[in-house]
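Here's a quick briefing on one protein model. Have a look at the sequence and the fold first, then read on.

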Amino acid sequence: MHFLRATPILGALLAQALAALVLAGLLQALLPELAGRFGIAPVIGAALVLQALLSAGLTRALGLAVWWQWIALAFPFAVALALAAGSLPAWPFGLAFLLLYLFFSNTARERVPLYLSNRATIEALGRLMRERSASHFIDLGSGLGGVVRGIAGDGRKAEGYETAPMAFLISAILSKLTGRGQIYRRDIWSADITEADLVYVFLSPEPMPMVHDKARREMKPGSLLVSNSFAIPGLDADEIWDLSDRRKTRLYLYAMKG
Ligand SMILES: C[S@@+](CC[C@H](N)C(=O)[O-])C[C@H]1O[C@@H](n2cnc3c(N)ncnc32)[C@H](O)[C@@H]1O
């Protein structure tokens with residue numbers, strides 16, 4: 001299980017393969033009768049839905065992160081579309097690719113997909129800000145800006161840095177409309193975090209050593225780095241907060257030394 005969680009693509013493929021085996025058994029037994037009664041197209045549609053649901057359930061049972069369940073759900077339909085591609089126009093694929101790029105451009109480049117902090121996490125960060133009398137918050141890789149807008153206000157300054165074009169655009173507009181927080185279209189590695197009291201990251205295991213280097217070099221003594229779900233390798237956190245949300249969010253708190 002641990003191996004599959006560390007290399008989730010293998011877990012995802014295993015889930016699809018197991019689901020396909022179950023489906024093949026079912027079709028073997030039932031296909032002639034079902035196809036005779038309903039026609040072949042509805043049976044293929046039902047088989048795709050079943051493959052999607054089974055593989056998503058297995059992905060969940062294997063303990064993979066929630067976005068792999070969404071991928072498992074979409075995968076059978078994507079394969080079916082690709083197989084039918086010869087008879088379909090090309091522009092929907094181009095449009096889908098463009099949309100994926102606009103939202104997820106950092107997934108390939110930084111190995112950081114777009115998934116969002118939940119309400120429980122935003123509340124915990126707000127509590128942390130109040131407990132520490134902190135007034136300047138920065139979210140590095142701010143996604144749709146929900147955390148920034150959630151923390152801003154009551155005299156607190158909240159800023160986010162985001163480079164995925166659509167995520168930046170949506171979050172910048174929402175910040176402007178609500179008057180909560182400020183979003184910059186700037187790479188997290190060139191963000192100015194020298195004045196922040198609390199820097200928050202929700203990225204992936206891959207960039208954590210670099211996040212640590214940047215925090216150590218630039219953050220002021222007494223400030224706090226908080227990482228959602230991903231610890232800095234080889235460094236003990238000063239505190240770990242386990243939230244009682246459904247996702248069982250874990251926050252790693254690192255205090256910056258003088
Ligand atoms: C997992 S999401 C977290 C979003 C938000 N912080 C939240 O908690 O809801 C990570 C975000 O970091 C962004 N990101 C990754 N690498 C980045 C980089 N080098 N510069 C700016 N943004 C980056 C991604 O585009 C993505 O929106």
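**Leu169 and its surroundings**

Leu169 counts as partly exposed because it has 14 C-beta neighbours inside 10 Å; the cut-offs are 20 or more other C-beta atoms within 10 Å for buried, 12 or fewer for exposed, and partly exposed in between, with C-beta atoms placed from the backbone. Keep in mind that this is a predicted model, where local features need pLDDT of at least 70, side-chain atom pairs count only at pLDDT 80 or more, and totals for chains, interfaces and linings use all residues. Residues are numbered from 1 along each chain as its sequence is written.

- Leu169 sits in helix α8 (residues 165–178); helices here are DSSP runs of H or I with at least four residues, numbered from the N terminus.
- Leu169 and Leu235 are 66 residues apart along the chain, and 35 Å separates their C-alpha atoms.

**Domains**

- The protein chain is assigned domain 1 (2–88) and domain 2 (119–255), with bounds from an automatic or database domain assignment.
- Between the C-alpha centres of domain 1 and domain 2 there are 37 Å.

**Helices α3 and α4**

- Helix α3 (residues 40–61) packs against helix α4 (residues 66–83) at about 155°, and their axes are 8 Å apart; axes are lines fitted to C-alpha atoms over the stretch in contact, and angles run from 0 to 180 degrees between N-to-C directions.
- That angle makes α3 roughly antiparallel to α4, a label for angles over 145 degrees.
- Contact residues (C-beta atoms within 7 Å, placed from the backbone) include Leu48 and Ala52 of α3 and Trp68 and Phe75 of α4.

Technical notes: Helix = DSSP H or I, 4+ residues; strand = E, 2+ residues; numbered from the N terminus. Parallel < 35°, antiparallel > 145°, perpendicular 65-115°, else oblique. Contact = placed C-beta atoms within 7 Å.
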